[in-house]
Amino acid sequence: MISSLMLRISVLILITGMLAGIAMGMTQSFTLAPAHAHLNLIGGVLLFLFGLYYRLVPAAAATRLARVQCGLHIVGALLFPIGIVIVLTAGPSQEIYPIAGSLIVLAAMVLFAVVVWRTAKA
Ligand code: HEM
């Protein structure tokens, strides 16, 4: 079930993001804070909220669009913060990674908006 997948992956991402936050605090090195923030918010909080919506509205979860949205969001939610890490460590010449990640996340969000508009009526 798509909502279970989203809920399960989101909590794993949040644990990873929190461990990264603790590592930043322990090393007093905050350069990668934007990657930590976007991993937690897009990969953790947003994905968990999507999972709750699909649990609440089973008709939305049953669509092919929902599966595409889920896959796209997970890929983008990982590529975006990884891309931020790459740029912050290797320099702006690598900006294609966060650009691609952010556009994938945006595309997934547009698909989610379509899903919500089609199914949100109680
Ligand atoms: C164990 C849990 C967490 C720890 C230890 C932690 C630690 C940190 C640290 C050390 C920073 C950098 C602070 C600085 O630059 O002075 C930071 C920034 C941030 N964290 Fe966390 N964090 C945790 C969980 C979360 C969660 C769950 C979220 C969001 C859902 C979050 C969102 C953010 C945001 C938005 C920033 C600001 C990023 C920036 O300034 O670029 N954090 N966190």
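Trainee: Is the crossing of H4 and H5 left-handed or right-handed?
Mentor: Left-handed. That term applies if the near helix is turned anticlockwise from the far one by less than a right angle, while clockwise is right-handed. Keep in mind that this is a predicted model, where local features need pLDDT of at least 70, side-chain atom pairs count only at pLDDT 80 or more, and totals for chains, interfaces and linings use all residues. Residues are numbered from 1 along each chain as its sequence is written, and side-chain values use heavy atoms, with hydrogens and water left out.

Trainee: At what angle do the axes of H4 and H5 cross?
Mentor: Roughly 155°, and the axes come within 7 Å. H4 covers residues 64-90 and H5 residues 96-119. Axes are lines fitted to C-alpha atoms, for helices over the stretch in contact, with angles from 0 to 180 degrees between N-to-C directions. H4 is therefore roughly antiparallel to H5. Over 145 degrees counts as roughly antiparallel.

Trainee: And how do the residues of that contact divide?
Mentor: 21 are nonpolar, six polar and one charged. Nonpolar covers Ala, Val, Leu, Ile, Met, Phe, Trp, Tyr, Cys and Pro; charged is Asp, Glu, Lys and Arg; the others, Gly among them, are polar.

Trainee: Next, H1 and H2. How do they cross?
Mentor: Their axes come within 8 Å and cross at roughly 160°. This pair is therefore roughly antiparallel. H1 passes H2 in a left-handed crossing. Their contact has 17 nonpolar, 11 polar and one charged residue.

Trainee: Which residue is the protein donor of the iron atom of the ligand?
Mentor: His-36, through NE2 at 2.0 Å, is the only one. Donors are N, O and S atoms within 2.8 Å of the metal (3.2 Å for Na, K and Ca); water is not among the atoms, so sites may look incomplete. His-36 lies in H2, residues 33-56.

Trainee: What about Gln-28, where is it?
Mentor: In the loop between H1 and H2. Gln-28 is not a glycine, yet has a positive phi of about 50°. Gln-28 counts as exposed, at 57% relative accessibility.

Trainee: Zooming out, how many helices and strands are there?
Mentor: Five helices and zero strands. Helices (H or I, at least four residues) and strands (E, at least two) are DSSP runs, numbered from the N terminus.

Trainee: How much of the protein is buried?
Mentor: 35% of the 122 residues. Buried means under 20% relative accessible area, exposed over 50%, partly exposed in between (1.4 Å probe, protein chains only).

Key. Parallel < 35°, antiparallel > 145°, perpendicular 65-115°, else oblique.
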